[in-house]
Amino acid sequence: MHSLFVPADRDALARRFAELEPGAQRQWGKMDAAQMLRHCSIALGDLLGDRPVKQLFLGKLITPLIRGQIFGEKPFRRNSPTDPIYVVSDPRDFETERTQLATFIDRVVQRGTAKTEGMVHPFFGRLSGEQWGRLIYKHFDHHLRQFGV
């Protein structure tokens, strides 16, 4: 299973982010490439403690039913719903966002699985460090595929 905490997987993601162009055409969704990068940074910001996070009630109900899909091998499906707090609709500077995302990735990796253990995801709840690594990898892969990278 791929994970942000596996060096080879992280390097593969870094190469794909480096290949992403500012004008890349999305294959689904509403965000442009710069907005997608910001969206990914916001998600990592929660893991880094940028805001207090509690699990949504709907997540408590649904997560047990979909946990296998979320943490399994199958990629996320196109047009998966996005929590409004992660929606980015304002114009963003592509290079600024790419640099910030790389910085956030480095910070998460430096923390490692031990310091992400038990952190709360707003929908999926309390996750292990390994689950966080898999979830982040799948989330980034989803958006890189969205832009054909």
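These legends walk through several close-up views of one predicted model.

Local features are described where pLDDT is at least 70 and side-chain atom pairs count only at pLDDT 80 or more, while totals for chains, interfaces and linings use all residues. Residues are numbered from 1 along each chain as its sequence is written, and side-chain values use heavy atoms, with hydrogens and water left out.

**View 1. The largest pocket and its lining.**
The largest pocket has a volume of about 1200 Å³. Closest to its centre, among the 36 residues that line the largest pocket, are Phe76, Ser80, Pro81, Thr82 and Asp83. Two or more lining residues come from each of α2 (33-47), α3 and α5 (129-146), with α5 giving the largest share, 7 residues. The helices named here are DSSP runs (H or I, at least four residues; strands are E, at least two), numbered from the N terminus. By class, the lining of the largest pocket holds 19 nonpolar, 13 polar and 4 charged residues. For this count, Ala, Val, Leu, Ile, Met, Phe, Trp, Tyr, Cys and Pro are nonpolar, Asp, Glu, Lys and Arg are charged, and the others, Gly among them, are polar. A pocket is an open set of points on a 1 Å grid over the protein atoms alone, where a 1.4 Å probe fits, with protein on both sides within 12 Å along at least five of seven lines; lining residues have an atom within 4 Å of a point. Points are joined across faces, edges and corners, and the volume is the space filled by probe spheres set on them.

**View 2. The second largest pocket.**
Helices α1 (7-19) and α4 (94-116) are the elements that give two or more residues to the lining of the second largest pocket. Sorted by class, that lining has 9 nonpolar, no polar and 3 charged residues.

The structure holds 6 salt bridges, each a side-chain nitrogen of Lys or Arg within 4 Å of a carboxyl oxygen of Asp or Glu. In one of them, Arg98 pairs with Glu95, and the closest N and O atoms are 2.7 Å apart. Arg98 and Glu95 are 3 residues apart in helix α4, so about one helical turn separates them. Arg98 counts as buried at 18% relative accessibility, whereas Glu95 is partly exposed at 41%. Here buried means under 20% relative accessible area, exposed means over 50%, and partly exposed is in between (1.4 Å probe, protein chains only). Glu97 also takes part in a salt bridge, meeting the side chain of Arg92 at 3.0 Å, N to O. Glu97 is buried, with 3% relative accessibility, and Arg92 is partly exposed, with 30%.

**View 4**
Which residue forms a salt bridge with Arg145? The partner is Asp141, with the closest N and O atoms 3.1 Å apart. Both Arg145 and Asp141 lie in helix α5, 4 residues apart, about one turn of the helix. Arg145 is partly exposed at 26% relative accessibility, while Asp141 is buried at 13%. Salt bridges that share partners join Arg16, Asp141 and Arg145 into one network.

**View 3. A nonpolar patch on the surface.**
Phe57, Leu58 and Leu61 form a nonpolar surface patch with about 340 Å² of accessible area together. Leu61 sits in helix α3 (residues 57-71) and is partly exposed, with a relative accessible area of 49%. Patch members have over 30% relative accessible area and no salt bridge; like charges are joined within 9 Å, and nonpolar side chains (Val, Leu, Ile, Met, Phe, Trp, Tyr) within 5 Å. The areas come from the Shrake-Rupley method with a 1.4 Å probe, and for residues only the protein chains shown count as cover.

**View 4. The loop between α3 and α4.**
Asn79 is found in the loop between α3 and α4. Although Asn79 is not a glycine, its phi is positive, about 55°. Asn79 is exposed, with a relative accessible area of 52%. Val87 also has its place in the loop between α3 and α4 and is partly exposed at 48%.
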